[in-house]
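Here are some notes for a colleague who is opening this structure for the first time. They begin at the ligand and then turn to the backbone and the annotated spans.

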Amino acid sequence: MGDTRANKRFRSQEWFDNPNNPGMTALYLERYQNSTFTREELTSERPIIGIAQTGSDISPCNKIHVFLMDRIKAGIRDAGGIPMEFPVHPIQETGKRPTAALDRNLAYLSLVEVLHGYPLDGVVLTTGCDKTTPAMLMGAATVDLPAITLNGGPMLDGWWQGRRAGSGTIVWESRRLLAEGKIDYPEFIERVCASAPSLGHCNTMGTASTMNAMAEALGMSLPGCSAIPAPFRERMSMAYQTGRRIVQMVLDDLKPSDILTREAFENAIRVNTAIGGSTNAPPHLQAIARHAGVELDVRDWETVGFDLPLLVNMQPAGEYLGESFFHAGGVAAVMGELQEAGLLHEGAMTVTGKPVGQNVAGWRSTDHKVIRPVTQPMREKAGFLVLSGNLFDSALMKTSVISKDFHDRFLSDDGREGIHEARAVVFEGPEDYHDRINDPALAIDEHCMLFIRNVGCVGYPGSAEVVNMQPPDAVLKAGISHLPTVGDGRQSGTSESPSILNASPEAVVGGGLAFLQTGDRVRLDLNARRLDALVDEAEWQARRDAWTPPELVNQTPWQEIYRKTVGQLAQGGCIELATAYRRVAQSLPRDNH
Ligand SMILES: CC(C)(O)[C@@H](O)C(=O)O
């Protein structure tokens, strides 16, 4: 943290109060004066606070921010700042085709340009839907202006016929029922829509709630922020408090680089295990860490996170939804429980200006049905496993969603615990999967493992959430709800499928998955953390030599730019060249005339 206001000139004054260049100062002043602001405000030596607006009609998960804006602005004004709202490129997970993942880096890039190129001294980052959170944190890390996140919160709990209907999770259950002929199409749609009763993002511990939990665990939001349901009055008051807080952060020069440390990332990884968080967290945290210049590796998810317990009883790993999680204390209470067990780096700095240990000292679970203490967890050793082998250098498996049935069928062959051999069935993408999954010629049964490739960052493009492939209808009707699935894409954080996913490098850049063929034998050995095709070396090399990359068709200019600049999921799927830029707010852009 640097100087306080007494001896500080705000960055925005370089625009609005620069006697060395009166022509430009006048030009900047007249146009902002023309819109909303008075000259007195703009030259009043008060910090100008940007508010990155991610909500809109096209981004329903974040639309609550349109209504929270007045409260954020009121908080900023009451603390002595001047708010300036600006739009962010939309990233709606359930709207954007081919995938919202493609746009995370685009929103990141545009945020960097706005924060660097406009007269801003600090920023409130509104977050919510999956990729909005990492995009905002990646941008804040690169620019390093004082920044604080405010998420919109989950929807209210959904209900269907007396049972909790959780976002996403009910889709996977209902599509099985549809395939089994137990429900019809209209009921399928009704069930799924019942899970979305209000404004807000997914009410399960899907990627949205996970990533907002990560923002809080990293210390980038006020304590207690992430779990408040969108329509609750506490959300309004959190918006106001967040607006107030950013002004003081600017005065204190408290920046992301003070907060986003290795210890903060380790705290976030531990929290992710405790909440049963999404497999999308690793690539997003990796990307934030790289833009912040913090050393993090995909294997840290196992070394730092695997041994921790699952504490939160929330779908998809458990039973409850966002309202219960909030009432039980939310992420701050989870961190309080970890603190009590000595599992938190208490000294990590946060947006409050205090270390996280102080922030969560008064937070403990108020409902042990929903947030368990470390001494009575939902499950021990509940983190991600990081696998390798001849099919990929790394891939993740979320263990907190492994059911007893799945374990007994697929993770304990002939009494060999953690070992499973199967026949591979390979799909070239989701279209191929949908076309052929019920093809009798494939003879898919419980002795098969389903693979999907060409769905990673470069392949899709953007890495699609398609790895949790449903078994063929006949297998479902035989009572097997899941087969082991593997792929170089991702899957929804709301899925209860313990897939092996985020495989890197992906097939289209020559990763081992490219050489697998339907009918190959594969062996999963969880003890050795390996998944291998049981194909002899010479044959494998021959396939590698004969391989030519599939033709990639770009439908938009950004798809081409993205494909040419993106890295692999294990490295965060970043625009590789962007990771070299650090603290760009320290360099003032040139005047524009
Ligand atoms: C449910 C969605 C759309 O798949 C996503 O939000 C996630 O949780 O990963």
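1. Start with Gly493, where a backbone N or O atom lies 2.7 Å from an oxygen atom of the ligand. The protein covers 92% of the 270 Å² of accessible area that the ligand has on its own. Please keep in mind throughout that this is a predicted model.

2. Side chains also make polar contacts with the ligand. In Ser492, an N or O atom of the side chain is 2.8 Å from an oxygen atom of the ligand. For Glu465, a polar side-chain atom lies 2.8 Å from a ligand oxygen atom.

3. Which residues surround the ligand? They are Glu93, Thr94, Asp130, Cys202, Gly206, Thr207, Asn280, Glu465, Ser492, Gly493 and Thr494. By class, this shell divides into 7 polar residues, 3 charged and 1 nonpolar. The space that the ligand takes up is the largest pocket.

4. Two peptide bonds deserve a look on the backbone. Most peptide bonds are trans. Tyr460 and Pro461, however, are joined by a cis peptide bond, with omega at about 5°. Pro461 sits in the loop that runs between strand E12 (448–452) and helix H20 (473–477).

5. The other bond to check is between Ser504 and Pro505, which is also cis, with omega at about -5°. Here the proline, Pro505, belongs to the loop between strand E14 (500–504) and strand E15 (521–525).

6. Most residues other than glycine have a negative phi. In Gln161, which is not a glycine, phi is positive, near 50°. Where is Gln161 placed? It is in the loop between strand E5 (158–160) and strand E6 (163–165).

7. An unreviewed UniProt entry annotates residues 46–359 as "domain: Dihydroxy-acid/6-phosphogluconate dehydratase N-terminal". In the model, this span is 48% helix and 9% strand. The C-alpha atoms at the ends of residues 46–359 lie 28 Å apart.

8. A further UniProt annotation, from an unreviewed entry, is "domain: Dihydroxy-acid/6-phosphogluconate dehydratase C-terminal", placed at residues 369–572.

Key
Residues numbered from 1 in each chain as written. Predicted model: local features only at pLDDT ≥ 70, side-chain atom pairs only at ≥ 80, totals over all residues. Heavy atoms only, no water. UniProt positions renumbered as here; feature names shortened; annotations may be inferred. Helix = DSSP H or I, 4+ residues; strand = E, 2+ residues; numbered from the N terminus. Near = heavy atom within 4 Å. Polar contact = N/O pair within 3.5 Å; in protein donor to acceptor, adjacent residues only side chain to side chain. Areas by Shrake-Rupley, 256 points an atom, 1.4 Å probe, with all protein chains shown as cover. 1 Å grid on protein atoms, 1.4 Å probe; cavity = no way out; pocket = protein on both sides within 12 Å on 5 of 7 lines; lining within 4 Å. Sits in = over half its atoms within 2 Å of the grid points. Nonpolar A, V, L, I, M, F, W, Y, C, P; charged D, E, K, R; others polar.
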